[in-house]
Amino acid sequence: MIVRSVDILFRLGSERELDTKLNELVKPILKAIHTDEPDLELDQMLRTLRLVSGTDLRDVNAQCLRTEDSGALIHVGRGLYKFLHLYARCASTRLLSDRPGGSRSSPAWARSLAALASCLEWLALPLREVRFAALKVTPMQDNWATVFGNMTYRAAICHEIAHAVLGHHAIAIDGQEPEVDEHQKIFNTREREIQADELGMRLHLESLPDPDMRAIAAGTLIYNVHATSLLKLRLMALAEVVDTNRWTARVRHPVALERFAFLIANAKSRYGPEIAGLMTATHDHLETIDGETRECMVNQQGSVRDDFLELARLTPDAPGGPGSRQDELLSQSPVGVIRALDLLAADSPMVAAQLAEAMPRPVQRFVALPFADRTGRVLNRIV
Ligand SMILES: [Zn+2]
């Protein structure tokens, strides 16, 4: 892998550095935007475009919003960077061996997979904290994951900048287009996403500090769409602990398959079959990873639920708190623990209450909510 420029290889020493880095990343992208004819409106929008990353680590969305003075604001959730890096690190343990001649799917893969599944549950629940497990990987896997994580972050930002350039922030969002029916609204949203993907791809690939980075950057367009669809698994993760009849999932992005097809076809006509081939290969690899994550999440949730119930049966008065077995199970699968507490509450409410009390406060509060109320608490953040 030849990456001459260091721009994208940055490592962060602190959360705060991310904001500086975000601005540095965006500058060359904005510079790359030019039109054949002078466009005053676009120039004005680009001059006033603001980037904000919030403070909530559970926020993993990036979106382009309209400001009060009709300008564009790109909001990048504070958790997105961390999540994309976790995803890239997991992929590195699946796709790279940990030593020359070693097997692909390195021994760290099983642990990485479990950590990714846990993280999705933490991101799904309104628990204030997110437990991002620190993954141990080899220096080579680490380098690779840093490049892919940073580049995927850049791809996500390019997609949002594309929305701004296309003027999508100015179009009334859901509920503000009275003359358009629901079906048409969904269709329009999908159209806009496909357009943003296409322009986002151009911005990402044509504003790189070094043309040698194009192949990797193209791969990370695929990473970005996979990460988005993986985040949708959060809904599935919650199925047993909320009232799913109350789901009213809004469609923000078209189905991932459609996005891949358009992206790859576009890349092929613009950058040639080699780049498109790389993107297809990346898609296949990540498809496997996503499938295994889904499976792991279901299994892990079930086994944590059973282990917690067993623990409750054997030692109902074992103290909880950091470092305890209960806390370890909670880290692995908060949904599994909540499920176990729900089951216990039906059978032996006293034991359930005692065990719940040993849990962090936000978990206690969530467990105490009726099922119907839980849905509203989680949905706003996920869709
Ligand atoms: Zn979008």
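Q: How far apart do the C-alpha centres of domain 1 and domain 2 lie?
A: This is a predicted model, and in it those two centres are 32 Å apart. The domain assignment puts domain 1 at 17–294 and domain 2 at 301–382.

Q: How many residues does the contact take from domain 1 and from domain 2?
A: Domain 1 gives 19 residues and domain 2 gives 19 residues. To count as in contact, two residues need C-beta atoms within 7 Å.

Q: Which elements give two or more residues to the side of domain 1 that touches domain 2?
A: Those are helix 4 (109–124) and helix 8 (233–237). Helix 4 has the largest share of that side, with 4 residues.

Q: What kinds of residues make up the side of domain 1 that touches domain 2?
A: That side has 10 nonpolar residues, 8 charged ones and 1 polar one.

Q: Why is Ser105 called partly exposed?
A: Ser105 has 17 other C-beta atoms within 10 Å. Buried takes 20 or more and exposed takes 12 or fewer, so with 17 Ser105 lands in between and is partly exposed. You'll find Ser105 in the loop between helix 3 (78–95) and helix 4.

Q: Why does Arg128 count as partly exposed?
A: Run the check again: Arg128 has 13 C-beta neighbours inside 10 Å. Exposed stops at 12 or fewer and buried starts at 20 or more, so Arg128 counts as partly exposed. Arg128 sits in the loop between helix 4 and helix 5 (139–165).

Q: What is the phi of Ser105 near, and what is the phi of Arg128 near?
A: For Ser105, phi is near 75 degrees, a positive value in a residue other than glycine. Arg128 also has phi near 75 degrees, again positive and again not in a glycine.

Q: Which residues touch the most other members of the largest nonpolar core?
A: Leu80, Tyr87, Leu116, Leu120, Ile157 and Leu341 do, in a core of 95 residues. Helix 5 gives the most to this core, 14 residues. Both domain 1 and domain 2 supply at least three residues each.

Notes:
Residues are numbered from 1 along each chain as its sequence is written. This is a predicted model: local features need pLDDT of at least 70, side-chain atom pairs count only at pLDDT 80 or more; totals for chains, interfaces and linings use all residues. Domain bounds come from an automatic or database domain assignment. Ala, Val, Leu, Ile, Met, Phe, Trp, Tyr, Cys and Pro count as nonpolar, Asp, Glu, Lys and Arg as charged, and the others, Gly among them, as polar. A nonpolar core is a set of buried Ala, Val, Leu, Ile, Met, Phe, Trp, Tyr and Cys residues joined through C-beta atoms within 7 Å.
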